[in-house]
Amino acid sequence: MTVNRNPALHRTGGAFFNFLCQCGVVISLEFIVPCHIKINLCLWVGAPGVDGYHPIRTFFLKLRSPEFLRIRTGSVRTVVYHRGDPFYGEHLVLRAQALLRGRIQLPPVEVECEKALPAGGGVGGGSGNAGAFIRWAYAQAGMDTDLSVAAQLGSDVAFLASRMWAAWGEGRGELLTPPEGDLDGLRELRGIIGFPRWAIGTAWAYRMLDQLRGSSSDARLPEGGEVEPLLEGLVRGRVVGLMSNDFIPVAEKVRPEYVKIWRDCESLGALAWGLCGSGSGFFALFSHQEGVERAFAELGKQDYVRSLIPLEVCR
């Protein structure tokens with residue numbers, strides 16, 4: 001038996017599925033599970049601690065992703081494979097499955113990951129795959145998603161596994177706080193995400209940031225009150241410009257093309273633009289669909305662009 005189900009709509013069915021698993025009943029089902037990605041509307045990085053990790057403060061915005069998981073039960077063993085663009089290292093879905101083993105009752109599954117996003121783009125494509133699997137697994141067990149488990153896989157996995165459409169992230173990004181104030185207008189923003197013809201690895205970007213700063217730099221993390229006016233300005237349709245991101249100097253140093261990217265976004269009439277995470281992707285936000293269409297037409301002609309996708313905020 002094969003069915004397509006959205007796990008978010010079937011919590012009761014998930015509990016029944018879990019009951020059958022506990023009874024040893026093997027059922028062949030197929031689930032199509034959408035993935036999410038993110039942009040960091042702003043991102044500040046503190047000095048590394050004694051453990052070598054950098055504290056951050058960021059504003060996450062959750063977006064629709066072109067990627068999805070096709071999960072099939074009834075398999076004799078858990079296997080993960082993908083179609084589309086390659087990824088680096090061990091797939092996070094495999095790590096998620098191993099992490100969940102012993103915490104919740106799950107049968108062996110076959111997971112096909114439909115990849116469409118380039119690696120090293122800064123939008124959390126792999127994290128979104130893992131977050132989707134974790135949401136599905138907990139839904140099938142009839143349980144609320146344990147975000148502390150998701151956080152063990154990566155700094156942005158907790159957000160992408162959560163039900164929040166936006167959040168402040170602190171710590172390494174796993175400490176999430178819903179935004180205050182009336183920011184629902186951010187959901188109405190439209191935009192594009194561009195992936196240039198180069199990738200930027202996260203670990204490398206942090207090393208470069210430390211080198212650029214040296215030992216005497218000010219790595220203070222701002223308070224929410226210092227930046228929320230920018231977000232409120234976006235809600236009201238004001239031009240905010242280049243959004244704060246401590247990795248921008250790193251990106252501009254290794255790829256001067258980013259300076260042209262910022263100029264192009266401004267000339268196209270974007271409200272705001274910036275770097276996706278630690279790079280290499282970039283985003284531009286518009287108040288009208290006409291601006292998005294013009295950005296697709298004009299940026300698509302640029303030789304620095306590998307691909308463009310629409311930016312759609314999750315509702």
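Within strand β10, Leu-285 is the bridge partner of Ala-272. The model is predicted, so that local features require pLDDT of at least 70 and side-chain atom pairs pLDDT 80 or more, while totals for chains, interfaces and linings use all residues. Residues are numbered from 1 along each chain as its sequence is written, and side-chain values rest on heavy atoms, without hydrogens and water.

Strands β9 and β10 run antiparallel and are joined by four bridges; strands count as paired if DSSP finds at least two bridges between them. Strands (E, at least two residues) and helices (H or I, at least four) are DSSP runs numbered from the N terminus. Six residues separate the two strands in the β9-β10 hairpin, where Gly-277 has a positive phi near 60°. The pairing of β8 with β9 (residues 272-275) is parallel and comprises two bridges. Both pairings belong to an open, mixed sheet of five strands, ordered β8-β9-β10-β7-β11. Its edges are β8 (241-242) and β11 (305-312), each of which pairs on one side only.

Two helices lie across this sheet. Helix α9 (residues 257-267) lies across β7 (190-196), β8, β9 and β10 (282-286), at about 160° to β9. Helix α10 (residues 289-299) lies across β7, β10 and β11, at about 20° to β7. Contact means heavy atoms within 4.5 Å; axes are lines fitted to C-alpha atoms, for helices over the stretch in contact, and angles between N-to-C directions run from 0 to 180 degrees.

The largest pocket holds about 1,300 Å³ of space. Its lining comprises 47 residues, of which Gly-124, Ser-127, Ser-155, Asp-156 and Thr-202 are the closest to the centre. A pocket is an open set of points on a 1 Å grid where a 1.4 Å probe fits, with protein on both sides within 12 Å along at least five of seven lines, and lining residues have an atom within 4 Å of a point. At least two lining residues come from each of β1 (30-45), β2 (56-73), α2 (92-100), α3 (125-140) and α6 (202-213). By class, 20 lining residues are nonpolar, 20 polar and seven charged.

Eight aromatic pairs occur in the structure, with ring centres within 6.5 Å. In one of them, the rings of Phe-60 and Phe-159 are stacked (planes under 30 degrees apart), because their planes meet at 15°, with centres 4.9 Å apart. Since Phe-60 lies in β2 and Phe-159 in helix α5 (residues 157-161), the pair ties together parts 99 residues apart in sequence.

Terms used:
Points joined across faces, edges and corners; volume = space filled by probe spheres on them. Nonpolar A, V, L, I, M, F, W, Y, C, P; charged D, E, K, R; others polar. Phe/Tyr/Trp six-rings, centres within 6.5 Å; stacked < 30°, edge-to-face > 60°.
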